[in-house]
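Visitor: I would like to learn how to read a structure like this one. Please start with the ligand and then go on to the sheets.

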Amino acid sequence: MGLTDDPVRAAADATAARRLPGKVTLVGAGPGAADLLTLRAARALQQAEVVLYDHLVSRDVLDLVPADAELVYVGKASGSHSLPQAQIIELMLQRARSGRPLVRLKGGDPYVFGRGGEEAQALARAGVPFEVVPGVSAAQGAAACAGIPLTHRDHAGAVVFATGHLREDGRGGSDVELDWGALARPHQTAVIYMGLATLPRTCEQLVAHGMSPDTPAAVVERATCADQRTITGTLRTLPQQVKSQGVRSPALVMVGTVVSLHGELAPPAAATRCGHGPEAG
Ligand code: SAH
């Protein structure tokens, strides 16, 4: 019997191959409601032995992970990082090398903000095989569940996803500035992630770069969750409305005339199928 015909040896080889260098699945958890997960994401969660998850992942999604799997919270809320990004990456590489199926579970889509791209680069550079499972990003969840069709053809021929949370330069400032002129273009919808703290400045800059202060704008808080809230106004009024109504993260800012369709298209609160419960963490 040749070596390759030896089933015990073959099984041992297969185990060794599986243990080194491990495999990571970067999974998009979607914006909150568990039934917005892709089937591929649900399958990866059901097969996971280790799950590293973020602040924005809902309890309903975590409930799909087998009870005997190791659940590790590495969540980051803007301004209160539980683990610095470098440590998250180190932990992920170290756990991946154990060879157990590891899921890195991130809110929304792994490659839309949230630094999934950096985590994928770290895996690629360390030679750890990985797969990315896309998720419904918050912009898509908010659009559907707040009745704001991002590219309704009467209103917008483009949609821009931007971040309101700019990378710090270590000296108390930001080393990146948004291209306000590009964000303020007509016939376009701008969606700003992590934009609550900088909302007054965003509205001010968009007007300074040519948008009418009466341009419709909205904030969608906890999109797709049972307690989703949508606040609509204009670039002139929105910052004050958001302040007086105590809007909290996670929330998305949406700017453009598509926001005016919210009144017609928002699902009635009682009929919403957007979500099932509170977040984890
Ligand atoms: N990868 C994620 C985004 C991570 S950045 C995605 O694709 O959705 C985190 C920001 O996403 C939050 O600050 C907020 O602006 C937005 N966000 C995430 N989930 C949200 C939700 N359920 N409702 C509104 N905004 C959300």
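Guide: A polar contact is a pair of N or O atoms within 3.5 Å; within protein, one must be able to donate a hydrogen and the other to accept it, and residues adjacent in sequence count only if both atoms are side-chain atoms. Here a nitrogen atom of the ligand is 2.9 Å from a polar backbone atom of P31. A nitrogen atom of the ligand also lies 2.7 Å from a polar backbone atom of A223, and an oxygen atom of the ligand is 2.7 Å from a backbone N or O atom of A251.

Visitor: How much of the ligand's area does the protein bury?

Guide: Accessible areas come from the Shrake-Rupley method with a 1.4 Å probe; for residues, only the protein chains shown count as cover. The ligand exposes 550 Å² when taken alone, and the protein buries 93% of that.

Visitor: What should I know about the model itself?

Guide: It is a predicted model: local features need pLDDT of at least 70, side-chain atom pairs count only at pLDDT 80 or more, and totals for chains, interfaces and linings use all residues. Residues are numbered from 1 along each chain as its sequence is written, and side-chain values use heavy atoms, with hydrogens and water left out.

Visitor: Which residues come nearest to the ligand?

Guide: A residue is near a molecule if one of its heavy atoms lies within 4 Å of it. Of the 18 residues around the ligand, the nearest are V112, S137, M194, A223 and A251.

Visitor: Which strands make up the mixed sheet?

Guide: That open sheet has 5 strands in the order 8-9-12-10-11. Its edge strands are strand 8 (158-163) and strand 11 (229-234). Strand 10 (residues 216-221) pairs with strand 11 in the antiparallel sense over 6 bridges, and V220 stands opposite T230.

Key. Two strands pair if DSSP finds at least two bridges between them. Helices (H or I, at least four residues) and strands (E, at least two) are DSSP runs, numbered from the N terminus.
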